[in-house]
Amino acid sequence: QVQLVESGGGSVQPGGSLRLSCAASGRIFTIHTMGWYRQAPGKQRELVATITSVGNTNYADSVKGRFSVSRENANNTVYLQMNLLKPEDTAVYYCNTRLRHSWPGAAHDYWGQGTQVTVSS
């Protein structure tokens, strides 16, 4: 019913930057929260950053001051600007959105397919 298409991952040296994008499409009435999570090998998936429909943001302590999340409501797209990347940022990054297909109706969570970010010299 809903597709999330991610782009922008890749390999970068420490101190470099990358920008991730995620576009949601399908049967969408309204999107509440969009954001990014990541999962490194052998670790649990963790929150990176989220943004609400009115622009309130939340960041993991490990990325504060280096990453910035933003969204374009008209295009149902969320971005993650990642600066000053560190090797420990290496992970698969997943887009997440919480939305409703109709009103009233339950909210549902959807996940993107994941995009690899590798930070290495």
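Colleague: Between which strands is the loop that holds Asn76?

Modeller: Ground rules first: this is a predicted model, where local features need pLDDT of at least 70, side-chain atom pairs count only at pLDDT 80 or more, and totals for chains, interfaces and linings use all residues. Residues are numbered from 1 along each chain as its sequence is written, and side-chain values use heavy atoms, with hydrogens and water left out. Strands here are DSSP runs of E with at least two residues, helices are runs of H or I with at least four, and the numbering starts at the N terminus. On that basis, the loop with Asn76 lies between β7 (67–72) and β8 (77–82).

Colleague: What is the phi of Asn76?

Modeller: Most residues other than glycine have a negative phi. Asn76 is a non-glycine residue with a positive value, and its phi is near 50°.

Colleague: Is Asn76 buried, partly exposed or exposed?

Modeller: The cut-offs are under 20% relative accessible area for buried, over 50% for exposed and partly exposed in between, with a 1.4 Å probe and protein chains only. Asn76 has 22% relative accessibility, so the class is partly exposed.

Colleague: And Leu84, which class does that one fall in?

Modeller: Leu84 belongs to the loop between β8 and β9, and its phi is also positive, near 50°. The relative accessible area of Leu84 is 51%, so this residue is exposed.

Colleague: Where is Pro104, the residue with the cis bond?

Modeller: The cis peptide bond joins Trp103 and Pro104, with omega about -5°. Pro104 itself is in the loop between β9 and β10 (107–111).

Colleague: Zooming out, how many helices and how many strands does the protein have?

Modeller: Read along the sequence, the pattern is β-β-β-β-β-β-β-β-β-β-β. The count is zero helices and 11 strands.

Colleague: What radius of gyration goes with that?

Modeller: The value is taken over C-alpha atoms, and the globule rule is 2.2 Å times the number of residues to the power 0.38. For 121 residues the rule gives 14 Å, and the protein comes close to that, so it is as compact as a globular protein of that length. The radius of gyration is 14 Å.

Colleague: What share of the contacts with a separation of 6 or more comes from residues 24 or more positions apart?

Modeller: A contact means heavy atoms within 4.5 Å. For residues 24 or more positions apart, the share is 55%.

Colleague: Which residues make up the uncovered face of β11?

Modeller: The covered face holds Thr115, Val117 and Val119. The uncovered face holds Gln116 and Thr118.

Colleague: Which residue of β8 is the bridge partner of Ala23?

Modeller: Start from β3 (residues 18–26), which pairs antiparallel with β1 (residues 2–7) over six bridges, among them the one from Glu6 to Cys22. β3 also runs antiparallel to β8, again with six bridges. In β8, Ala23 is bridged to Thr77.

Colleague: What is the relative accessible area of Val48?

Modeller: Val48 is in strand β5 (residues 46–52). Val48 counts as buried, because its relative accessible area is 0%.

Colleague: How far apart are the C-alpha atoms of Arg98 and Met34?

Modeller: Arg98 is in strand β9 and is partly exposed, with a relative accessible area of 40%. Not counting residues up to four places away in sequence, Arg98 touches Ile31, His32, Thr33, Ala107, His108 and Asp109. Arg98 and Met34 are 64 residues apart along the chain, and their C-alpha separation is 6.5 Å.

Conventions:
Two strands pair if DSSP finds at least two bridges between them.
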